[in-house]
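Hello,

Here is the structure I promised to pass on. Have a look at it first, and then read my notes below.

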Amino acid sequence: MIAFMKRILTAIFLCALCLLCYSQQKTLTLGSPVENLEKSQSRVLIPNNELVESHDIMMDGVNYTIGIRECKIVYIGTSDEKFRVDNLRVGAPISENLLDRELGYTPGWGYYIKMDSGWYAGFDFSKKPTEETPIKFFFKFDF
């Protein structure tokens, strides 16, 4: 009986430790402070047509580009085909439920549609998307 209790306590301890480690993993969030990154010469054009410092990073096997202004994340984008959000991926056509939503457009930057998750689906900048238009990238930005 004592051995059984020790096993149960050990299992509970390991589960708690895993949850603690998982909860402390870094996530990409707009407005998050950026620490320990060397100054970059790379820039990314963000939806308000501003060039900001950028870094390419990999999290959970997905490549992202983050835009940084004043040591905070102001843009998160990916065109990685491994990224999935709202059951969509890069290269997928616009889903029917997105076609009913407001289409955003920034001259010189492109067309986009906001999704339920808070991410935006981005499209070819040169022509208005239709139901056959594939998603080119996903991004987060506070307009």
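**Salt bridges and what surrounds them**

The structure holds four salt bridges, where a salt bridge is a side-chain nitrogen of Lys or Arg within 4 Å of a carboxyl oxygen of Asp or Glu. Before I go through three of them, please keep in mind that this is a predicted model, in which local features need pLDDT of at least 70, side-chain atom pairs count only at pLDDT 80 or more, and totals for chains, interfaces and linings use all residues. Residues are numbered from 1 along each chain as its sequence is written, and side-chain values use heavy atoms, with hydrogens and water left out.

One of the bridges joins Glu50 and Arg69, at 3.0 Å from N to O. Glu50 sits in the loop between strand 1 (43–45) and strand 2 (51–59) and Arg69 in strand 3 (residues 62–69), so this pair ties together parts that are 19 residues apart in sequence. Helices (H or I, at least four residues) and strands (E, at least two) are DSSP runs, numbered from the N terminus. Glu50 is partly exposed at 27% relative accessible area, and Arg69 is partly exposed at 32%. For these words, buried means under 20% relative accessible area, exposed over 50%, and partly exposed in between (1.4 Å probe, protein chains only).

Asp80 and Lys82 form another salt bridge, 3.8 Å from N to O. Asp80 is buried, with 11% relative accessible area, whereas Lys82 is exposed at 52%.

Arg101 and Asp116 also pair up, with their closest N and O atoms 2.6 Å apart. This pair links distant parts of the chain, 15 residues apart: Arg101 is in the loop between helix 2 (96–99) and strand 5 (103–106), and Asp116 in the loop between strand 6 (110–114) and strand 7. Arg101 is partly exposed at 28%, while Asp116 is exposed at 63%.

**The chain as a whole**

The protein chain has two helices and eight strands, in the order α-β-β-β-β-α-β-β-β-β along the sequence. Of its 143 residues, 35% count as buried.

**A charged patch**

Glu96, Asp100, Glu131 and Glu132 form a negative surface patch. Patch residues have over 30% relative accessible area and no salt bridge, with like charges joined within 9 Å and nonpolar side chains (Val, Leu, Ile, Met, Phe, Trp, Tyr) within 5 Å. Glu132 lies in the loop between strand 7 (120–122) and strand 8 (137–140), and Glu132 is exposed at 61% relative accessibility.

Best wishes

Methods: Accessible areas come from the Shrake-Rupley method with a 1.4 Å probe; for residues, only the protein chains shown count as cover. Lys and Arg count as positive and Asp and Glu as negative; His and the chain ends are not counted. The place of a charge is taken as NZ of Lys, CZ of Arg, CG of Asp or CD of Glu.
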